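Reader: I am new to this model. Please show me how to read it.

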Amino acid sequence: MATGKINVSVDNIFPLIKKFLYSDHEIFLRELVSNATDATLKLKHLVSIGEAKVEYGDPIIEIKADKKGKKLHIIDQGLGMTEEEVKKYINEVAFSGAEEFLDKYKDAEKDTGIIGHFGLGFYSSFMVADKVEIITKSFKDAPAVHWSCDGSPNFSIKEAKKDTHGTEIILHIGENDTEFLEESRISELLRKYNKFMPIPIKFGTRTETLPKPEDAKPEDPAPTQEVDNIINNPNPAWTKKPADLEDEDYKSFYRELYPMQFEEPLFHIHLNVDYPFNLTGILYFPKLTTDLSIQKDRIQLYQNQVFVTDNVEGIVPEFLTMLKGVIDSPDIPLNVSRSYLQADSAVKKISSYITRKVADKLNSLFKNNREDFESKWNDIKIVIEYGMLSEEKFFEKAEKFALYPSVDGNFYTFEELKEKIKDLQTDKDDKLVVLYASDKEAQHSYIEAAKSRGYEVLLLDSPIVGHLLQKMETSNDKLSFARVDADHLDNLIKKEDTQISKLTDEEKDKLKTNIEEVISDKGFTIQMEALDSEAAPFIITEPEFMRRMKE
Ligand code: ADP
Ligand code: MG
């Protein structure tokens, strides 16, 4: 028997990395801007601890497109690299300088917000570029370096002319990827991935109108000036302390997140946890409309202020994917498959934390201002009912604040409802019978008939409430739900004084026989008891279980 070692040649693996590292070519810009951000944040940290003796100032990152020269430049004023460092960090694929930095400056992990992880981001530039150049000068007193590589494993390195610390990456965009030289495409990418990154990002300039001087004539045009076009907000609301934000700040951040969304959110939940995982974010309860275009605005997932995805399936429990807002966590493993995500224990903890926070917020809204909570019920009930159905933990909490509206506009909690109906609405087996209508118009006669006997009728009209009722019946054998048009009147224990019929028993029997002849379907029951009601002389009912089977 012989054993051997599979020989992985760099010549073979390099084109593979280029082609398949990331399924999406466009993320190269996100990666390069992330590296530029890291370089700037590292310098900031080194200056703050006295290891770098340079002025930090107000560094920015600049993106420049040179359409004629087919070049894209990403320029930062960060810590730069010496020749040694270029050889170490750039030439060794899958060696992450970011991880090494965090290892060395352990305490820096939380405050610096450094993004890099895998040591592969830089190479994503070869997905769109035939040739990549780096011109970099370290903040340490060392000569500037010019590194150049055409995508083969061969690179050249020489001294360069550059006076200030920082790095410029030059991408020679390939034939097939010239879209990445278009201003509109670059803007789109920057807006998508970098809108909330922590270092200001400049892309071109824009014209700003200044106030007119005092002595200007009315016909004089307002003066203008060219200013840097900064595409990002480096301090988005979710990175701030809740105590420093007003309600209006949350609303304006919502508009910033979803510029095309005109409806205001109902309320927000600020997430902030640093143990056992790091997570910040703001979730909004939107007014749920049937307008599907609005449902396209989804919760966005960020990692250290870099946009990752708006597909949070597996991270946020499904019933909360109807919410909007942002979640930012460095602890969610990225670039891994969804099925892996669902099994990941950190992700599970995140998911149950979010569920708990949402339940707590709903509970405090209910407790602090019940009237307001009732007025919002119709807009939020779908999320709550869906949550009660799908998450046991949420069900337990939501039982306290989930509301059951009556046809007359009262709102009961489940406890209040039980108290309200316990005297009149029990059946022979001592079960509580909760009556409900699903359509006030169509079931009008039945509702009136029930009301005239003193019964409370709920109005439960959301599409999933039926399933919720089933669940509640299964977990509580002293409880049953019946729609007002079901054959409940026979089952409920009759109270003597509600039986004031205008017909004699004989007359009732005669009328009943006549009607039964007309309605030949055996699935229905004619109930004459309802004669007590003003609204209907008699009612035709169907057993609750029959109707549910047809649904
Ligand atoms: P990661 O960011 O995961 O560490 P990358 O492949 O994106 O991996 O980058 C590799 C390393 O190259 C970085 O960790 C960093 O040390 C160095 N580097 C890349 N871009 C820059 C830059 N603009 N300025 C300084 N160093 C950089
Ligand atoms: Mg990186």
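Reader: At what angle do helix 2 and helix 6 pack, and how far apart are their axes?

Author: Two packed helices are described by the angle between their axes and the distance between the axes. Here, helix 2 (residues 27-48) and helix 6 (residues 183-194) pack at about 60°, with axes 10 Å apart. Axes are lines fitted to C-alpha atoms, for helices over the stretch in contact, and angles run from 0 to 180 degrees between N-to-C directions. This is a predicted model: local features need pLDDT of at least 70, side-chain atom pairs count only at pLDDT 80 or more, and totals for chains, interfaces and linings use all residues. Residues are numbered from 1 along each chain as its sequence is written, while chains are lettered from A and ligands numbered from 1 in the order in which they are written.

Reader: What are helix 2 and helix 6 to each other, parallel or oblique?

Author: Angles under 35 degrees count as roughly parallel, over 145 as roughly antiparallel, 65 to 115 as roughly perpendicular and the rest as oblique. Helix 2 and helix 6 are therefore oblique.

Reader: Which residues of helix 2 and helix 6 meet?

Author: Two residues are in contact if their C-beta atoms, placed from the backbone, lie within 7 Å. L29, R30 and V33 of helix 2 meet L189, Y193 and N194 of helix 6. By class, this contact of helix 2 with helix 6 has 4 nonpolar, 1 polar and 1 charged residues. Ala, Val, Leu, Ile, Met, Phe, Trp, Tyr, Cys and Pro count as nonpolar, Asp, Glu, Lys and Arg as charged, and the others, Gly among them, as polar.

Reader: How do helix 11 and helix 15 cross?

Author: The axes of helix 11 (residues 370-390) and helix 15 (residues 465-475) come within 10 Å and cross at roughly 40°. That makes helix 11 oblique to helix 15. E385, M388 and L389 in helix 11 meet V465, H467, L468 and K471 in helix 15. The residues of that contact divide into 4 nonpolar, 1 polar and 2 charged.

Reader: How many residues does the largest nonpolar core have?

Author: A nonpolar core is a set of buried Ala, Val, Leu, Ile, Met, Phe, Trp, Tyr and Cys residues joined through C-beta atoms within 7 Å. Buried means that 20 or more other C-beta atoms, placed from the backbone, lie within 10 Å of the residue's own. The largest core has 116 residues; I282, L435, Y436 and V457 have the most contacts inside it. Helix 2 gives the most to this core, with 10 residues.

Note on methods: Helices (H or I, at least four residues) and strands (E, at least two) are DSSP runs, numbered from the N terminus. A residue is buried if 20 or more other C-beta atoms lie within 10 Å of its own, exposed if 12 or fewer, and partly exposed in between; C-beta atoms are placed from the backbone.
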